[in-house]
Amino acid sequence: MIKKLLIANRGEIACRIIRTARDMGVATVAVYSDADAKALHVRSADEAVHIGPSPAAESYLVGEKIIAAAKDTGAEAIHPGYGFLSENADFAQAVINAGLIWVGPKPDSIRAMGLKDAAKQLMMDAGVPVTPGYLGEDQSVERLKKEADAIGYPVLIKAVAGGGGKGMRKVDAPENFEADLESCKREAKASFSNDEVLLEKWITSPRHIEVQVFGDSHGNVVHLFERDCSLQRRHQKVIEEAPAPGMDEATREDICAAAVRAAKAVDYEGAGTIEFIADASEGLRADRIFFMEMNTRLQVEHPVTEEITGVDLVEWQLRVASGEPIPLKQEELSINGWAIEARLYAEDPTSGFLPSIGRLDSLDLYEYEGRTDTGVVQGSEVSPFYDPMIAKMIVHEVSRPDALGALVEKLESAVVWPVKTNKGFLVRLLRDPDVSAANLDTGLIARKFVELTARPIPSDRVLSDAAAWLLRDASDFDDVVNGIGPFRLNAPRQTTMRLAVDGEVREFEYQPTPEGQHYEHGFAPIDEPGHQFVQIEGDVIVLSLPRAEGGHHSAADGAILAPMPGKVIAVDVAEGDAVTAGQRLMVLEAMKMEHALTAPFDGTVTELKASEGGQVQVEAVLCVVEPDPE
């Protein structure tokens with residue numbers, strides 16, 4: 001058995017691997033960048049080695065530094081986690097060449113599944129069903145157009161070296177094909193240095209079904225059943241569950257057997273996932289489930305498989321990498337109950353899911369119920385350099401309805417502040433009638449995007465409760481109560497009041513709570529003077545007294561706020577300039593992307609608080625546009 005393990009990763013997955021290694025008596029070595037010097041995975045490991053500056057390209061993606069760290073600390077093996085170098089065959093080979101154990105599949109297996117066209121041909125040869133399409137060497141526009149016409153529209157163009165939705169286009173009609181092909185090739189070239197594509201028939205009711213497989217060096221391969229990952233946003237998984245809803249035993253047997261054949265075709269060792277696309281227009285049927293790709297690593301969603309099978313997949317990885325056979329035979333594996341996972345991210349759904357970075361001043365992930373895999377604690381920083389995942393929230397119950405309910409409760413009970421999260425979005429998604437009824441497909445979130453991302457509106461009852469708390473110690477409330485002078489708890493029932501709700505001033509009819517009764521709505525345990533925080537549908541709503549001096553800016557009054565911390569790289573206007581709705585005012589660079597900030601309406605720039613080259617914090621007022629008089 002491995003005695004000392006270096007983990008070539010960070011955050012949640014590094015903490016997850018450390019936990020199992022500790023239980024097995026394996027010493028651990030963490031690696032970290034400048035940004036991660038105080039990170040949880042660094043504190044949790046037995047040793048930690050600094051490997052460079054904050055950008056991943058200068059630290060976590062530099063294989064030489066990671067191998068040197070393993071050598072310097074006496075680690076025998078390297079576990080890549082997922083992301084970064086986990087599916088890099090050259091890095092895997094370099095680890096082996098350095099005399100270290102690579103906790104993952106053989107480099108040749110990674111290479112065999114690395115290019116979609118070659119992998120698809122390999123699967124066809126192994127008798128694994130694949131989506132009808134074209135994967136030939138002739139990449140001319142004329143040939144590709146001819147093949148697309150033969151397949152029939154809509155057709156899907158996919159980069160052969162693609163992933164994460166990059167280099168992928170759905171083409172609905174022949175007249176759009178050439179333009180979409182050019183765009184797809186350009187994106188693929190920029191992302192993967194390879195502009196070759198393949199074509200596939202577009203599946204009209206697609207579900208994403210994947211099978212967990214595991215192989216060892218003794219020729220054994222088993223499956224650990226399937227997961228459903230159909231709830232996706234821009235090809236990124238949002239909710240994962242196991243088993244797949246609506247999967248009958250005969251179909252499960254067929255798809256899992258196909259996954260085992262796929263793994264055997266590349267002489268697979270370790271944990272891997274065979275991903276399938278299912279045409280669910282008539283339910284899940286074996287003759288309508290097609291191979292998409294293989295992920296030659298541990299998956300983010302592996303906990304749901306662990307929960308229903310009782311298997312620790314990281315323990316299996318370490319044992320198999322040490323030369324042991326798979327601990328269980330296929331007939332010893334079975335499904336127990338239902339597990340669902342939600343990915344809790346530091347991001348703002350109302351701003352196009354922009355990452356929300358900063359310090360986690362308040363954090364309670366409700367870890368007393370279900371399972372929580374995280375790489376942060378209260379006081380941790382969400383960095384602009386890496387994936388902004390806060391935690392994976394996982395529940396395991398007897399049935400799917402029970403699991404859905406338990407996960408909603410877990411999410412609603414969690415507290416994260418002041419960083420924005422997708423928590424409310426996840427709660428609304430899990431409560432959606434189609435999700436509850438398991439009417440799933442990969443386009444569900446896109447179709448219901450507006451309603452899923454809309455923040456809830458607090459009722460007058462909630463506002464009244466908040467007002468009672470906010471006004472307990474105040475003495476002058478002329479800016480809150482209209483026309484009646486100072487506020488009193490025994491004031492008439494129909495008193496018009498004002499509160500700032502997420503910065504927007506709102507009038508409401510005050511409804512005093514009857515004496516002897518508790519407030520109807522509980523407030524989130526977040527401490528910030530002058531504010532009350534209430535969670536509705538998982539979203540944190542900030543309630544405060546309006547500022548009498550009129551200094552409270554919001555987007556609605558023409559204030560242009562920074563959506564996230566960043567650097568102002570261009571300012572296009574000056575104070576006094578007339579602007580029109582949609583006109584670019586300035587450009588903010590954040591998270592390696594440029595964000596154009598535009599005028600909300602026709603008007604005049606009355607304040608300009610940002611300058612080119614300046615650093616700004618989230619929600620800082622950058623400029624103010626006063627609307628033209630009507």
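Two aromatic rings of Phe, Tyr or Trp are taken as a pair if their centres lie within 6.5 Å, and planes over 60 degrees apart count as edge-to-face. By this criterion, a search of the whole structure, which is a predicted model, finds nine aromatic pairs. In one of them, the rings of Phe 91 and Trp 102 have centres 5.7 Å apart and planes at 85°, so the pair is edge-to-face. Because Phe 91 lies in helix α4 (residues 89-97) and Trp 102 in strand β5, this pair ties together parts that are 11 residues apart in sequence. Phe 91 is buried, with a relative accessible area of 4%, and Trp 102 is likewise buried, at 7%.

An edge-to-face arrangement is also found for Phe 353 and Phe 425, with 5.1 Å from centre to centre and 80° between the planes. Phe 353 is placed in the loop between β16 (347-348) and β17 (354-355), whereas Phe 425 belongs to helix α13 (residues 423-431), so that the pair ties together parts 72 residues apart in sequence. Phe 353 is buried, with a relative accessible area of 6%, and Phe 425 counts as buried at 1% relative accessibility.

Strand β5, which carries Trp 102, belongs to an open sheet of five strands in the order β3-β2-β1-β4-β5, with parallel pairing. The edge strands, each pairing on one side only, are β3 (47-52) and β5 (101-102). Strand β2 (residues 27-33) runs parallel to β3 and is joined to it by five bridges, and Tyr 32 stands opposite His 50 in β3. Helix α3 (residues 63-73) packs on this sheet, where it touches β1 (4-7), β2, β3 and β4 (77-79), and its direction makes about 150° with that of β3.

Elsewhere in the chain, Gly 582 is located in the loop between β30 (578-579) and β31 (584-590) and is partly exposed, with a relative accessible area of 47%. Leaving aside residues up to four places away in sequence, Gly 582 touches Thr 598 and Ala 599; the C-alpha atoms of Gly 582 and Phe 601, 19 residues apart in sequence, are 7.0 Å apart in space.

The structure holds zero disulfides. Cys 184 is buried, with a relative accessible area of 0%, and Cys 623 is buried with a relative accessible area of 0%.

Regarding confidence, the mean pLDDT of the chain is 89, and 91% of its residues reach 70 or more. Over residues 475-489, however, pLDDT stays under 50, and the model has 29 contacts for this stretch beyond four places in sequence. Residues 548-553 also have pLDDT below 50, with nine contacts in the model beyond near neighbours in sequence. Where pLDDT is low, the predicted coordinates should not be read in detail.

Note on methods. Residues numbered from 1 in each chain as written. Predicted model: local features only at pLDDT ≥ 70, side-chain atom pairs only at ≥ 80, totals over all residues. Heavy atoms only, no water. Pairing = 2+ DSSP bridges. Helix = DSSP H or I, 4+ residues; strand = E, 2+ residues; numbered from the N terminus. Contact = heavy atoms within 4.5 Å. Axes fitted to C-alpha atoms, helices over the stretch in contact; angles between N-to-C directions. pLDDT = per-residue confidence, 0-100. Disulfide = S-S within 2.5 Å. Buried < 20%, exposed > 50% of the residue type's maximum accessible area, 1.4 Å probe, protein only. Phe/Tyr/Trp six-rings, centres within 6.5 Å; stacked < 30°, edge-to-face > 60°.
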